[in-house]
Amino acid sequence: MRLALLLSAASAMAALTACSQPAAEKAPAAPAEARTLAGVDLDQPLRVLGTEPFWAVEITPAGLTYSGVDRPAQKAANPGPALQGTVAVWTAETEAKTPLVVTLTATDCSDGMSDRTYPLTAKVEIGAESLTGCAAAVAAIEKAGESGRVE
């Protein structure tokens, strides 16, 4: 009987001790992995560009904006890229309901008009039109100047 009383008292003490301990702190959320392609952070502003005719697609977290010579700008929400191996694809629809698909591939690219080498090759399909060009982070393009490798 005495043993039963001792065990009961020990159990009660353990329960009281457990109740007075602070709740376990939640572990901080792990940072999201950066989505990269050929060393380019795809979550940062990107510029996709081509020549003959001159055109560009600006990709920002807020959206995609297609523009071209003698063409009205077309905007679409940024759905984020679908990544598969060395390819990233954005599939969107512009505000004018035109399909817009931007495909970036991790291969070096020359725009054919400058002495720049870009880390990504691009294909843009807007409506029935298919365009090819190059891409890189906006900051890297602005830093590179008029020639050399855009990194």
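Select Arg149 in this predicted model; the residue is partly exposed, with a relative accessible area of 38%. Display Asp108 as well: the two side chains meet in a salt bridge, with 3.0 Å from N to O. Arg149 belongs to strand 13 (residues 147-149) and Asp108 to the loop between strand 9 and strand 10 (115-117), so this pair ties together parts that are 41 residues apart in sequence.

Next, select Arg71 and Glu129. Their closest N and O atoms are 2.7 Å apart, in a salt bridge. Because Arg71 lies in strand 6 and Glu129 in strand 12 (residues 129-137), the contact ties together parts that are 58 residues apart in sequence. Arg71 is partly exposed at 27% relative accessibility, and Glu129 is partly exposed at 28%.

Proceed to Asp43 and Arg35, whose side chains form a salt bridge at 2.5 Å, N to O. Both are partly exposed, Asp43 with a relative accessible area of 30% and Arg35 with 31%. The model has 6 salt bridges in total.

The tour now turns to the backbone. Most residues other than glycine have a negative phi, and most peptide bonds are trans. Select Asp70, in the loop between strand 5 (63-68) and strand 6 (71-76): its phi is positive, near 55°, and the residue is exposed at 79% relative accessibility. Then select Lys97, in the loop between strand 8 (87-93) and strand 9 (99-105). Its phi is also positive, near 70°, and Lys97 is exposed, with a relative accessible area of 60%.

Finally, select Glu52 and Pro53, which are joined by a cis peptide bond with omega about 0°. Pro53 is found in the loop between strand 3 (46-50) and strand 4 (55-60).

How values were computed. Residues numbered from 1 in each chain as written. Predicted model: local features only at pLDDT ≥ 70, side-chain atom pairs only at ≥ 80, totals over all residues. Heavy atoms only, no water. Helix = DSSP H or I, 4+ residues; strand = E, 2+ residues; numbered from the N terminus. Buried < 20%, exposed > 50% of the residue type's maximum accessible area, 1.4 Å probe, protein only. Salt bridge = Lys/Arg side-chain N within 4 Å of Asp/Glu carboxyl O.
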